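Dear colleague,

Please find below the structure that I am handing over to you. My notes on what was found in it follow.

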Amino acid sequence: MGWISITIALPLVGALVLAVAPELSARGVRAVGMGATVLTLLTSVALLTQFDLSEPGLQLLERFTWIPAIGADVALAVDGVSLLLILLTTLLTPLILFASWSSVTDRLRGYVAAFLVLEAAVIGVFASVDLLLFYVFFEFTLIPMYLIIGIWGGTLRRYAAVKFFLYTLLGGLLMLVAILYLFGQAGTFDYEAVRALELTITEQRWLFVAFALAFAVKVPLFPVHTWLPDAHTEAPTGGSVFLAGVLLKMGTFGLLRYALPIFPDATVEFAPWLLAISVVGILYGAVVALMQADIKRLIAYSSVSHMGFVVLGTFALNATATSASVIQMVNHGLSTGALFLLIGFLYERRHTRQIAAFGGLAKQVPVMAGLWLVVSMSSLALPGLNGFVGEFPILLGTFQENRTAGVLAAFGAVLAAVYLLWAYQRIFHGPLEGADNQNTVDLKPREIGVLTPIVVLIVAIGLYPQPMFDLVEPSVDRVLTEVGVSELEVEPAATTSEEG
Amino acid sequence: MKLLAVLASGVELEVVETTSGLIGLAWLIPLVPLLGFVGVLLATRALADRAATIAMGAAALTFVLSAAVATTVILEPATYVRAMPTWIDVGGFTVTFELLIDQLTAVMLLVVTGVGLLVHVYSVGYMHGDSRYPRYFGYLNLFLASMLILVLGSNLLTLFLGWELVGLSSYLLIGFWFESRSNAAAAKKAFVTNRVGDVSFMVGMFLTFATFGTLDILDVVTDAEALASGTAFALVLLFLGGAVAKSAQIPLYVWLPDAMAGPTPVSALIHAATMVTAGVYLLVRLSPLLVVSVDAMEIIAWVGALTALFAALIAVRQDGIKEILAYSTISQLGFMFLAVGVGAFRESIFHLVTHAFFKGLLFLVAGSVMHAMANRTDIWQMGGLRKVMPVTFWTAAIGTAAIAGVPPLAGFFSKDQILTEAYFHGYGAIWIIGLVAAVLTAFYMSRWFILIFLGRPRYGEVVHPHESPPSMTVPLIVLAVLSAIGGLALNAVHTGPLYRFLEPTVGPIDQLGYEPVGPLEEAVLIPLAIVAAAVGILLAYLAYARRDVSSGRMSEPVSGVGAELMERRFFVDEAYEKVFTGAGGRVAQAMVWFDTRVIDGLVDGAGAVSVAIGRVGRRAQTGLVRSYVGVVLLGAIVLVGVLMAQVV
C-alpha cells in the first residue's frame with residue numbers, strides 16, 4: 001500500500017472502529033474521529049513530500065486489481081491539482097469535527113462515522129485514475145452527505161435532502177452512461193487510456209455535455225443551483241462546511257480533470273457558452289444573495305457566485321486564469337468554510353439565522369466580529385488575503401481571452417462587497433439592542449482554535465501564494481496542452497501596435 | 001546597478017537597482033507600522049493605553065526612515081528600484097513586491113509619514129478615554145502601512161494592494177463608532193463606492209497587461225510612447241475611473257461627506273491629507289501614459305474643474321463644521337485633477353502637498369473645536385471662540401488664509417500655479433471655472449472661520465469651551481507653520497525647487513502643442529488670482545461678520561431655489577438612492593422571484609412527479625437511498641453486461 005491508499009483507508013478504519021467497537025463514550029467517539037482525521041492530514045502531508053513538483057503528470061500511482069473481467073482497477077494517483085484538493089479535504093475534516101465538539105450530541109457515533117466515510121470517498125474522487133472507480137466514489141459521496149443533512153439537519157431537512165439527491169442523481173446517471181460509452185471505445189476504464197482516445201467531434205459533444213452536466217450540478221452552476229441554498233440551510237454546520245469547502249470542488253475538479261482533456265475539441269467549442277453561464281452565475285448569485293434574510297442562504301448564494309469565478313477561470317483556457325481557478329477552489333473552501341463555521345457558532349448561541357434578529361454584536365463579541373470581518377474580506381477578494389490572488393489572475397487571464405466576460409465578471413467584486421458588508425453591518429454594527437444580543441457570548445478558545453488555522457492560511461496564501469501556483473501550474477499546463485491552447489501566450493502589444 | 005530607461009520623447013531616466021544603503025532598507029517603511037498594527041491588535045487588552053505609545057513609536061520610526069530615504073533621493077536624484085520577493089507568478093503573469101523610489105515617492109513618503117505622525121500625536125489627546133482607544137491606534141498604523149505600500153509599489157498590482165488596504169482602514173475608521181447606524185452605513189458606503197471605482201481600475205490593469213504584457217509601472221511608462229492613441233485613451237479613462245472613486249470626484253464623490261462620521265483626526269489624515277490624494281498620485285505616476293492621449297487628459301481636466309466648482313457651491317451652504325471641510329476637500333482635489341488634466345502634473349503634486357498641510361490643519365482645528373464644544377458640529381451654534389481658544393484660533397486663521405489663496409501662504413502659490421498653467425495651456429473655460437471656484441473657496445472658508453471664531457458666542461450656557469491640551473495644539477502649530485511657509489519654501493516661483501525636483505518623474509508635455517488662451521502674462525494672472533481670493537473673503541465678511549447672525553441659518557444673506565439646491569447638495573444622494581436602492585432593489589427582487597418561482601418551481605414540480613411515481617410503485621416509504629442505490633446498481637449491471645457482450 002502506498003501513501004494514497006493509506007490516506008483513503010485511515011478514515012475508513014476510523015469509521016470501522018466506530019461501527020464495531022462496543023460501548024464507546026462520547027469522548028471516545030470524538031477521540032476516534034479526531035485521531036483518524038488528524039492522521040489522515042499527516043499522511044496527506046507525507047504525500048506532498050513524496051510529490052515531484054517538476055513532473056506535470058499523474059504520480060505515485062497505486063494499482064490493485066478490482067474487476068478483472070471488465071478491466072476496472074482500483075487505480076490511484078495524484079497530480080498537483082488533486083493533491084491540493086486532497087490537502088484541503090484533510091485539513092477541513094478534523095476542523096469540522098473539532099467545531100462540532102459540543103453542538104452534536106444526538107447519534108454522535110453515526111455523525112462522526114458519516115464524516116469519516118465522506119472524507120474517504122472525497123479523497124477517492126480526487127485520487128482515482130480509473131473512470132469506474134471515480135464514478136463509484138463520486139456517487140458514493142451522496143450517501144453520507146444525504147444522511148448528514150437528513151438526520152442532523154434543520155426542520156426542512158427531508159425536503160432539502162431529497163432535493164439534493166434528485167439533482168445530483170440526474171447528473172450522475174448521465175455521466176455513467178458517458179463513462180460506459182468511453183469504456184466501449186477504450187476497452188478499459190483506465191484514465192490515461194481514455195484520455196488518449198481520439199474521439200470524433202460529435203462523440204465529444206455528446207459526452208462533454210453528459211460530463212459537464214453532472215459536474216455543473218455539483219459546482220453548482222446557474223441554473224442548476226437551487227439545491228444548494230436548501231441543502232446549506234438545512235445541513236448542520238459541519239455539513240455546510242464540508243459541502244461548501246470540499247464537495248462543490250468535485251464539480252470544478254471534474255471539469256478540469258475529465259471534461260477538458262478527454263474532450264478537447266468540444267471544450268474549445270463550448271468554452272464561450274460556459275464563460276457566459278459563469279458570468280451569469282457570478283452576477284445572478286450575487287444579486288440574489290443581496291436579498292436573503294437568512295445568513296446561511298446568503299452565503300449559499302455567494303457560493304454560486306464565487307464558484308462561477310472558478311468555472312470562468314477553467315474555461316478561459318488561459319495559463320494564468322485556469323491555474324488560478326484551482327487556487328480559487330482552495331480559497332473558496334477556506335473562506336466560505338470559515339464563514340459557515342462562524343455562522344454555526346452564532347447559531348449555537350442564538351438558534352436563529354435570521355439577519356434581522358441580530359444587531360450591534362461587535363460590541364458584545366469583538367473576537368467573533370473581527371474574525372468574521374477578516375473572512376468576509378477574504379471572500380470579497382481584498383488584496384493581501386487569499387481570495388484576491390485567485391480572483392484577480394482569473395479575471396486578468398479571462399480578459400486576455402474574452403474581454404466581455406472579464407469585464408462583466410469583475411462587477412461581481414462590487415456586489416460581493418455589497419452583500420457581505422451589508423450582512424456584516426446588520427449583524428455586528430448599530431446599537432446593541434435586545435436581551436438576546438446583549439447576552440450573546442464571544443467565541444470560546446476551542447472555537448478560536450478551529451478558526452485560527454484557516455485565518456492563518458487566508459493571510460499566508462494572500463501574501464505568498466507561490467507554493468500553490470508552483471504545485472498546480474504544471475498539471476494545469478498539461479491539460480491546456482491537451483486542449484491545444486497552451487501556446488496562447490500574451491503578446492506585448494506595445495511592440496506589435498503600429499499606429500502609436 | 002545602473003540602467004537607463006528612455007522615456008517617451010527621449011527623456012532619459014536613470015534607474016538604479018540596489019539592495020544596499022538606506023534604499024535597501026526601504027521595505028521597513030511599510031513593515032514597521034504593519035507590525036505595530038498586528039502587535040496592537042493582538043494585545044489590545046494587555047496593552048491598554050500603552051497601545052498609543054507603540055503606534056506612535058511605529059509612526060515616528062517610519063517617519064525617520066522615510067526622511068532618510070527621501071534625503072538619499074534628494075542628495076542623489078535617481079529612480080531607485082529595491083528588489084523584493086515575488087508575490088504572484090503564474091502562467092506568464094508575474095508580480096513582485098519590488099519598491100519604486102523616485103522623487104515623486106520621496107515627496108509622498110514625507111507627506112504621508114509627516115502628517116501621519118502628527119495625527120498620531122494629536123489623537124493621544126483627542127481620543128483619550130475612548131473605550132476602544134488601543135484599537136484606534138492599531139487601525140491608524142494599518143492605514144499608514146497601507147498608504148506606504150501604495151506609494152512604494154513598483155507594480156500597478158502592489159499599488160492596488162495599498163489602494164485596497166487604505167480602503168479597508170478607511171472602512172474600519174469611518175465605522176469606528178459603529179454603535180451608530182449612520183456611522184456604520186457611512187463606512188459601508190465608502191467601501192462599496194470605492195469598489196465601483198476598483199472595477200474600473202482592475203479592468204485598466206487587465207488592458208494594461210493585454211497591451212504591455214506586464215503591470216510593472218516603469219515598464220509601462222517607458223513603453224507608453226509606442227501606444228496607439230485609442231488604447232491610451234481607454235487606459236487613461238479606466239484608471240481615471242479608479243481615481244474618481246478614491247479621490248472623491250464626480251460622479252463618485254458621494255462617500256466622502258458621509259465619511260466624516262469617523263473620528264476627526266482620521267478625517268484629517270485619511271479623508272483630507274493622504275488617502276484621498278491617491279487618485280492624483282496614480283494619475284501623475286502614470287503621466288507618461290497620460291500624455292499619449294491628450295483627449296483623455298482633457299476629460300480629466302473637466303472632471304476636476306466641474307468637481308471643484310460643484311463641491312464649492314455645496315460647501316457654501318453647509319452648516320456642519322466637518323461637512324464644509326469635506327466638500328472643500330472634494331473641491332480642492334478637483335483642482336488637483338484639473339491640474340493633471342491640463343498637463344500641470346508637478347503643480348498638481350505641489351497642491352497635493354500644500355493641501356495636506358492646510359486641510360490637515362483645518363480638520364485638526366475642527367477636532368479641537370468639537371473637543372471644546374462637547375462634540376457640537378453646527379457652526380451656527382458656535383461663534384466667538386477666538387478668545388477662549390487662542391491657539392486654535394490663530395492656527396485656523398492661517399489655515400483659512402492659506403486655502404483661500406492669500407499670499408504668501410501655501411495655498412496661494414499652489415493654486416495660482418495651477419490656474420496659470422490652465423491658461424498657458426489653452427484651457428480658457430477651465431481657467432475661468434477654476435477662478436470662480438477660487439472665489440467660492442475664499443468665501444465658504446471665510447464663512448466657516450467667521451461663524452466659528454468671530455462675533456458673539458451663540459452656544460449658550462451649556463457648553464464651556466476651552467483650549468485643547470498641548471498634544472493637540474502642537475500638531476496644529478506645526479501644520480500652521482507649514483501652511484504658512486510651505487509654498488514659499490517649496491515652489492515660490494513657477495520653476496521652483498519642487499518643480500525641478502519632480503521633473504524626471506512626470507510625462508513630457510512639450511509635444512502636446514499647448515497654446516496660451518490669450519496674451520495675458522503672469523504679471524496679470526497672479527494679481528487676478530489675488531483679486532479672486534479678496535472678493536471671496538470680502539463677500540463673506542460682509543455677509544457674516546458685518547451682519548447680525550444670531551438667528552442661525554435664517555441669517556443667510558441669500559435665499560431662493562439656488563440656495564436651497566446648494567443646501568440640499570443638489571439632491572445627488574437622493575437620486576443615487578432612488579436608482580441603486582430603488583430600481584436596483586426591484587431588479588434584485590425580480591431575480592429572487594425568478595429563482596424561487598421559476599427555477600425552483602420547475603425543480604419542485606419534477607420532484608413531485610418523481611415522488612408520485614415512487615408512490616405508484618409503493619416504494620416511497622422504503623427510503624430514497626436504498627431505491628436509488630438499487631436503480632444505479634441495476635442500471636450499471638445491465639449496461640456493463642451489454643458492453644461486455646460487445647467486447648467479447
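The contact between the chains (heavy atoms within 4.5 Å) takes 69 residues from chain B and 85 residues from chain A. Please note that this is a predicted model, in which local features need pLDDT of at least 70 and side-chain atom pairs count only at pLDDT 80 or more, while totals for chains, interfaces and linings use all residues. Residues are numbered from 1 along each chain as its sequence is written, chains are lettered from A in the order in which they are written, and side-chain values use heavy atoms, leaving out hydrogens and water.

Between chain B and chain A, about 6500 Å² is buried (accessible area lost on putting the two together, 1.4 Å probe, summed over both), and carbon and sulfur atoms give 74% of this area. The interface holds 3 salt bridges (a side-chain nitrogen of Lys or Arg within 4 Å of a carboxyl oxygen of Asp or Glu). B:Arg181 forms a salt bridge with A:Glu433, with the closest N and O atoms 3.6 Å apart. On the side of chain B that touches chain A, α8(B) gives the most, with 18 residues (helices are DSSP runs of H or I, at least four residues, numbered from the N terminus).

Chain B is divided into domain 1 (2–567) and domain 2 (575–647), with bounds from an automatic or database domain assignment. Their centres, taken over C-alpha atoms, are 56 Å apart.

Finally, B:Trp448 is in contact with residues including B:Ile321, B:Leu362 and B:Thr400, leaving aside its neighbours within four places in sequence.

With kind regards

Key. Helix = DSSP H or I, 4+ residues; strand = E, 2+ residues; numbered from the N terminus.
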